[in-house]
Amino acid sequence: ALRLLGSEPTRRRIDLLLARAGSAVELRQLEMAEADVAEARLMAAALGDRLAEAQAALVEGEIRLNAGDFAVAADMFEGARASFAELGDEPGEAEALRQIGMSHIFRGRNVEAEDAVRDALVRFRTLGDRRGEAWALQNLAWIAYVQGRTSVAEDRIAVSAKTFEELGDRGGLGWALGLLAFVRFHQGEH
């Protein structure tokens, strides 16, 4: 699609670059993701598209998170959250909050992580964003798991997995069931 679209800076090209970057992050192909985000950021700046700049910062934060640069990722997510809030983009702000929570999880800051993800969960529910809600619940389950609250984790995973299944989101379902396997292992179910 990017080849067919051409190299002119357009919002559609930015969207495709960020989508490919997001996929590259999931595949842990961080160099490819970085190149796509860099191009998207340049185009967004050239177009004066502040929303696209915030979306690019969110993906760049995911790259930094996956590279182990947790503090940098948190800064990227917070910058994106502030931009989304200023622009009135509630879905973007909710996702940025969830990602801020993820950056706290990786730094062992479980209280801050839970606060951020709970805030994101409330926003996703208000927006009717079931996928966002399922991811937030999966993240809250992870926090409960690392705190040793396995029954709470299991309850949250059950709701998350059910929602992912209803949405046909096999990736989300796989993450939820993978976490459930860890929970069950630590509950003594081998």
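The turns below take these features one at a time.

A: This is a predicted model, in which local features need pLDDT of at least 70, side-chain atom pairs count only at pLDDT 80 or more, and totals for chains, interfaces and linings use all residues. Residues are numbered from 1 along each chain as its sequence is written, and side-chain values use heavy atoms, with hydrogens and water left out.

Q: How many residues does helix H10 have, and what span does it reach?

A: Helices are DSSP runs of H or I with at least four residues, numbered from the N terminus. The expected span is 1.5 Å times one less than the number of residues. H10 covers residues 170-186, which is 17 residues, and its first and last C-alpha atoms are 24 Å apart, close to the 24 Å expected.

Q: Which residues of H10 are buried?

A: Buried means under 20% relative accessible area, exposed over 50%, and partly exposed in between, with a 1.4 Å probe and protein chains only. In H10 the buried residues are Gly-172, Leu-173, Ala-176, Leu-179, Leu-180 and Val-183. They fall within an arc of 130 degrees seen down the axis, so they line one face of H10; the arc is taken over the directions from the helix axis to the C-beta atoms. An α-helix has 3.6 residues a turn, so residues three or four places apart point the same way. The face of H10 turned away from the buried side carries exposed Arg-170 and Phe-182. The cover over the buried residues of H10 includes helix H8 (130-146) and helix H9 (150-167).

Q: What caps the N-terminal end of H10, and what follows the helix?

A: Asp-169 is the cap, with a side-chain oxygen 3.2 Å from the backbone nitrogen of Gly-171. After H10 comes Gly-188, with a positive phi near 95 degrees.

Q: How many salt bridges are there?

A: A salt bridge is a side-chain nitrogen of Lys or Arg within 4 Å of a carboxyl oxygen of Asp or Glu. Side chains of opposite charge can pair when their charged atoms come close. The count by this rule is 21. One of them joins Glu-34 and Arg-64 at 3.1 Å, N to O. Glu-34 is in helix H3 (residues 30-47) and Arg-64 in helix H4 (residues 50-66), so this pair ties together parts 30 residues apart in sequence. Glu-34 is partly exposed at 32% relative accessibility, whereas Arg-64 is buried at 16%.

Q: Where do Glu-95 and Arg-98 lie?

A: Both are in helix H6 (residues 90-106), 3 residues apart, about one turn of the helix.

Q: Which residues have the most contacts inside the largest nonpolar core?

A: A nonpolar core is a set of buried Ala, Val, Leu, Ile, Met, Phe, Trp, Tyr and Cys residues joined through side-chain atoms within 4.5 Å. The largest one has 25 residues, and Leu-58, Phe-77, Phe-84 and Ile-143 have the most contacts inside it. The elements giving two or more residues to this core are H4, helix H5 (70-87), H6, helix H7 (110-127) and H8. Apart from this core lies another, of 18 residues, among them Leu-2, Ala-24, Leu-30 and Met-43.

Note on methods. Contact means heavy atoms within 4.5 Å. A polar contact is a pair of N or O atoms within 3.5 Å; within protein, one must be able to donate a hydrogen and the other to accept it, and residues adjacent in sequence count only if both atoms are side-chain atoms.
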